[in-house]
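Please read the points in order, with the model open beside you.

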Amino acid sequence: MMNLRFFLIAMTLLAVVSDAMLMPFYPQFFEETFGMSNPQHVGYYIAATCFTVMFAFPFWAWVARRVRELNLLVWTQLLAGLLCIYCYWTQSLVEFWIVSLSMIVFKGSYLLIYPYVMSLEKEGNYSGTIGLLSVIVHFGSILGAILGGYVVDLYNPRNLFLIMAIGDFVQMAVSFFLIKSSRFDTTRTHEEDDKATESSPLMPNGFIFKLGMITLVFYFSAFLIRPFFSLYWESISIYDSEIVSGFVYAIPGVVALFALWLSYRQKQSDNSYKGIVPAMLLGLAGLFLQSAPSDLVVFLGRFVYGWAMYHAVVKYDVLLFELSTPKSYATDYSKIHFFQNLGVLIASFSAGILVDHHGLQMPFFVAAAGFVVTLLAYYFSFRSKISLAQTST
């Protein structure tokens with residue numbers, strides 16, 4: 001089982017690296033390939049890809065209730081790889097839009113690996129696995145951006161689609177290998193788990209909508225400060241360096257890696273109800289520290305904020321898998337993923353408007369207000385479970 005888990009996590013890393021290669025370089029790609037230099041066009045395309053994933057993942061989660069995940073991935077990654085090759089060859093901008101968004105529909109099926117990995121875990125091990133996957137996503141994105149920059153500097157940006165196709169074909173091959181190998185048990189039975197969970201009187205009604213709305217506001221608030229953080233740092237710091245700005249921007253990711261290592265050493269409890277409120281309060285403090293017009297205070301705030309964000313993200317995901325059932329992991333996670341991405345999308349559109357009308361500090365204050373709303377909504381939605389967790393402690 002551990003070997004199967006290793007392959008699935010490795011596939012997740014490969015998929016994240018592959019998807020992240022082109023993301024920072026869409027302006028260069030559209031200009032060099034199609035002669036399109038309009039920044040609004042890039043924004044529209046990124047928004048379209050986000051919308052595509054938001055709706056494609058729930059569809060694949062629905063299909064996965066009838067077709068096993070690895071069997072599905074063999075075909076979806078094959079089609080994604082072939083469409084990547086078509087994106088490399090096409091000379092038409094309209095064709096590229098149609099084919100690339102179709103490719104993203106099939107690529108989106110790799111998100112099924114996350115709930116699949118979680119279904120292999122025993123209850124009590126959720127925090128460590130979720131933390132590991134969140135760190136993999138973060139550093140996979142950085143590695144993909146570095147590899148993408150290398151290809152863009154030395155070759156034509158359209159070559160990135162050939163590398164992405166290779167990544168899809170490798171995922172297809174690994175999925176096929178896992179299905180055919182007798183060393184791995186890729187079948188799961190959830191009937192007993194479902195019966196045990198359904199009989200629990202503590203299962204809140206409509207938890208998906210409640211948790212979805214809570215995480216929508218949370219992700220909106222968290223991503224609101226990202227787009228213009230580097231500009232804000234440069235406006236208050238004495239260090240006029242893109243390298244320093246990049247380092248300060250990356251601090252939460254480094255803190256997340258340390259927090260993951262610490263959680264493995266200390267074997268922290270999976271009870272999410274005991275961790276969300278402190279994490280949100282600490283995140284609120286981190287936001288106010290970052291809004292201060294002092295580079296030293298902002299530097300400290302990045303560490304506080306990174307620690308809080310790691311634990312909040314992990315605890316919210318743990319909460320989802322605690323409330324869901326193994327049979328419904330994929331569909332429930334796809335619904336929550338939809339809400340989270342909607343929050344990110346709204347934040348992307350809102351950040352520029354806030355900065356344009358109210359300056360670089362305003363995103364921090366709006367994000368802080370969002371954290372307060374998130375905290376209140378979480379408490380009133382799950383106060384019975386929070387009280388039970390405190391009593392058991």
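1. Helix 7 (residues 126–154) gives the largest share of the nonpolar patch, three residues. Helices here are DSSP runs of H or I with at least four residues, strands are runs of E with at least two, and both are numbered from the N terminus. The nonpolar patch is made by F139, I142, I146 and L257 and covers about 340 Å². Patch members have over 30% relative accessible area and no salt bridge; nonpolar side chains (Val, Leu, Ile, Met, Phe, Trp, Tyr) are joined within 5 Å, like charges within 9 Å. Areas come from the Shrake-Rupley method with a 1.4 Å probe, and for residues only the protein chains shown count as cover.

2. I146 lies in helix 7. I146 has a relative accessible area of 57%, so it is exposed. The cut-offs are these: buried is under 20% relative accessible area, exposed is over 50%, and partly exposed is in between (1.4 Å probe, protein chains only).

3. A word on the source. This is a predicted model, where local features need pLDDT of at least 70 and side-chain atom pairs count only at pLDDT 80 or more, while totals for chains, interfaces and linings use all residues. Residues are numbered from 1 along each chain as its sequence is written, and side-chain values use heavy atoms, with hydrogens and water left out.

4. Now the whole chain. The protein chain has 17 helices and zero strands. Of its 393 residues, 52% count as buried. The chain exposes about 18700 Å², and carbon and sulfur atoms supply 66% of that.

5. How many salt bridges does a search of the whole structure find? The search finds two. A salt bridge needs a side-chain nitrogen of Lys or Arg within 4 Å of a carboxyl oxygen of Asp or Glu. In one, the side chains of K107 and D19 meet at 3.5 Å, N to O. This pair links distant parts of the chain: K107 is in helix 5 (residues 93–107), D19 is in helix 1 (residues 2–20), and they are 88 residues apart. D19 is partly exposed, because its relative accessible area is 26%.

6. K107 also forms a salt bridge with D168, with the closest N and O atoms 2.8 Å apart. Again the pair links distant parts of the chain, with D168 in helix 8 (residues 160–180), 61 residues from K107 in helix 5. Both D168 and K107 are buried. Through shared partners, salt bridges join D19, K107 and D168 into one network. K107 counts as buried because its relative accessibility is 5%.

7. Next, V248, which sits in helix 12 (residues 242–266). Its relative accessible area is 1%, so V248 is buried. Leaving out residues up to four places away in sequence, V248 touches F229, W233, F299 and R302. V248 and W233 are 15 residues apart along the chain, and their C-alpha atoms are separated by 8.3 Å.

8. Last, a charged area. R65, R66, K327 and K335 form a positive surface patch. Lys and Arg count as positive, Asp and Glu as negative; His and the chain ends are not counted. Each charge is placed at NZ of Lys, CZ of Arg, CG of Asp or CD of Glu. R66 is in the loop between helix 3 (39–64) and helix 4 (69–89). R66 counts as exposed because its relative accessibility is 54%.

Methods
Contact means heavy atoms within 4.5 Å.
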